[in-house]
Amino acid sequence: MESFLNRPSCDNNSRCPQKRVKLQSDEGMKPGEVDEEDEFSHPVPWQKIESEGLDCDYALLLCKDEADKMFKQLEEEVVYSTGEDATVQVFGKVHSIPRKQAAYGDAGLTYTYSGVTRLACTWTTTLEYIRDVVTNTTGQTFNFVLVNRYKDGQDHMGEHRDDEKELDPFCPIASVSLGAARDLIFRHRDARGKRAHRQIKPVKLELAHGSLLLMNSPTNTFWYHSLPVRKKISLPRINLTFRRILLERKK
């Protein structure tokens, strides 16, 4: 298994310098494309993570003090789903989600995955702030976020792909991690389970407190990802996965 464990660092009293990117309206530039001659003098130390069909970028988005503040505010603001809204369908069977989950976004927006449809709650002040920080860092805009809270290392997420047809294929999924560091495991679709017919090494990435992971196309076409159980971890973690949903694809 390939492991990516190097973490960027920055001063705890300020946010990390941001990588300058061109916004979608900039002439002659594609969304999220970097102008190499027009970057800030101290850009975010991005780490490129690549394999066959896997394209991700990883960086420290928030320094410790700000990440601590964001975590505390989210603990106060986010209202998590309960009852039937806290379930998913897997192969036709209904299962309870092994973590807490909530959906926020633009008014009236819905997102369907794993056999369920989530109606977005109105952005909280903190979620809106983090969304804007991610946009200013990447040049991408987002209209929906899925919030997952893991109370400790027992809470987990099974292997899946974020490949729903209503997602903008040209917009990366931006994953912000707060709290306890956890391992994210990528596994190629041709190297999974009993039907595996290729030998492709899984990729493991430790997601640090305050970090940002961009899952670029075509990652979610070829690779499944999961957050496995880690029994030794006793602290909570909050993960925010920002997405851009295309209304015309929902018809």
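This is a predicted model: local features need pLDDT of at least 70, side-chain atom pairs count only at pLDDT 80 or more; totals for chains, interfaces and linings use all residues.
Biologist: At about what angle does α2 run to β17?
Modeller: The helix lies across β6, β10, β12, β15 and β17. Relative to β17, α2 runs at about 60 degrees.

Biologist: What span should helix α2 have at 1.5 Å a residue, and how far apart are its end C-alpha atoms?
Modeller: Helix α2 covers residues 125-138, which is 14 residues. The expected span is 1.5 Å times one less than the number of residues, so α2 should span 20 Å. The end C-alpha atoms agree with this, being 20 Å apart.

Biologist: Which residue follows α2, and what is its phi?
Modeller: The helix is followed by Gly 139. The phi of Gly 139 is positive, near 80 degrees.

Biologist: Which strands stand at the edges of the sheet?
Modeller: The open sheet has 8 strands with mixed pairing, in the order β2-β3-β15-β12-β17-β10-β6-β9. An edge strand here has a single partner strand, so one side is left without a neighbour in the sheet.

Biologist: Is Lys 204 buried, partly exposed or exposed?
Modeller: Lys 204 is in strand β14 (residues 203-207). Leu 227 is 23 residues away from it in sequence and 9.9 Å away in space, C-alpha to C-alpha. Buried requires under 20% relative accessible area and exposed requires over 50%. At 22%, Lys 204 is therefore partly exposed.

Biologist: Is the peptide bond from Ser 217 to Pro 218 cis or trans?
Modeller: Pro 218 is placed in the loop between β15 and α3 (219-222). The omega of the bond from Ser 217 is near 5 degrees, and the bond is cis.

Biologist: How many disulfides does a search of the whole structure find?
Modeller: A disulfide is a covalent bond between the sulfur atoms of two cysteines. Among the cysteines, Cys 56 counts as buried at 0% relative accessibility, whereas Cys 121 is partly exposed at 37%. The number of disulfides found in the whole structure is 0.

Key: Residues are numbered from 1 along each chain as its sequence is written. Side-chain values use heavy atoms; hydrogens and water are left out. Helices (H or I, at least four residues) and strands (E, at least two) are DSSP runs, numbered from the N terminus. Two strands pair if DSSP finds at least two bridges between them. Contact means heavy atoms within 4.5 Å. Axes are lines fitted to C-alpha atoms, for helices over the stretch in contact, and angles run from 0 to 180 degrees between N-to-C directions. Buried means under 20% relative accessible area, exposed over 50%, partly exposed in between (1.4 Å probe, protein chains only). A disulfide is a pair of cysteine sulfur atoms within 2.5 Å.
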